[in-house]
Amino acid sequence: MDRGTRGELISRLAEAIRSVTTAHPLRVAIDGPPASGKTTLADELAIVLRAQDRDVIRATIDDFLVPRAQRYRRGQYSAEGCYFDAHDHAALCQALLDPLGPGGDRRFQHAVYDADTDTPSSPPTTTAPADAVLLFDGVFLLRPELIDRWDLRIFVSVPFEQTVDRARDRGAALVGSTADAAEIERSWRNRYIPSQQLYFTAARPTDHADIIVYNDQLQRPTWEVRPRSSIHRI
């Protein structure tokens, strides 16, 4: 494993992306528990790649949710509901991952759902350059339904207890309410952490990751590039 500054990590990930050659846009999964820092990492990586004149598509699993009533049909705090019912994987493949993959026409939509209005979303269809990079962040990305759709798989690892602290701090910064902090705690303890435990048991995501980023120390992260990683294959 390697340890370095935040900038060194992002440079290493950009180098890993440059080392992968595909005949279609490169589809990069940035997986990990809620509040592990996936979105921030993907945004930082996008800045570096764009500065290197790479066309970057940024997308997130939050834009491929199903309607709220379906997500919570097993109950607000159901871990099984979080893992099995929350996301529209068929739409994700149809609208984004398959068009950018082998044999795809590169015409994609980056979203199918608007979380603010709890309604379907239909942004304009865009055609990606053949050398574009999709940076897609979200939970449960290395599950069996999606595992073969990624050309590079990054897993952001943080101890579950630390994700609770980060979520609580993030919530307090936004609203500053004790009641909201209690609700965050309950959601993490009863829904999000158990759903991640279910995911680890069912899918073993870290076994399938090409790169694992240990993100518990944000400014001094550690990372591991797997020997069997696709970045070493031609």
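Is arginine 168 buried, exposed or partly exposed? In this predicted model, arginine 168 is partly exposed, its relative accessible area being 24%.

**Close-up 1. Salt bridge between arginine 168 and aspartate 165 in helix α6.** The two side chains meet at 3.0 Å, N to O. Both residues belong to helix α6 and lie 3 residues apart, about one turn of the helix. Aspartate 165 is partly exposed, with 35% relative accessibility. Through shared partners, salt bridges join Glu161, Asp165, Arg168, Glu185 and Arg189 into one network.

**Close-up 2. Salt bridge between glutamate 161 and arginine 189.** The N to O distance is 2.6 Å. This pair links distant parts of the chain, 28 residues apart: glutamate 161 lies in helix α6 (residues 160–174) and arginine 189 in helix α7. Glutamate 161 is partly exposed at 43% relative accessibility, and arginine 189 is likewise partly exposed, at 34%.

**Close-up 3. Salt bridge between arginine 12 and glutamate 15.** The closest N and O atoms are 3.9 Å apart. Because the residues are 3 positions apart in helix α1 (residues 6–18), about one helical turn separates them. Arginine 12 has a relative accessible area of 21% and is partly exposed; glutamate 15, at 42%, is also partly exposed.

**Close-up 4. The largest nonpolar core.** This core has 35 residues, and those with the most contacts inside it include Phe64, Leu97 and Trp150. Elements giving two or more residues to the core include β3 (56–60), β8 (133–138) and α7 (178–203). Helix α5 provides the largest share, 6 residues. Apart from this core lies another, of 24 residues, among them Ile10, Ala14, Val20 and Leu49.

Conventions:
Residues numbered from 1 in each chain as written. Predicted model: local features only at pLDDT ≥ 70, side-chain atom pairs only at ≥ 80, totals over all residues. Heavy atoms only, no water. Core = buried A, V, L, I, M, F, W, Y, C linked by side-chain atoms within 4.5 Å. Buried < 20%, exposed > 50% of the residue type's maximum accessible area, 1.4 Å probe, protein only. Helix = DSSP H or I, 4+ residues; strand = E, 2+ residues; numbered from the N terminus. Salt bridge = Lys/Arg side-chain N within 4 Å of Asp/Glu carboxyl O.
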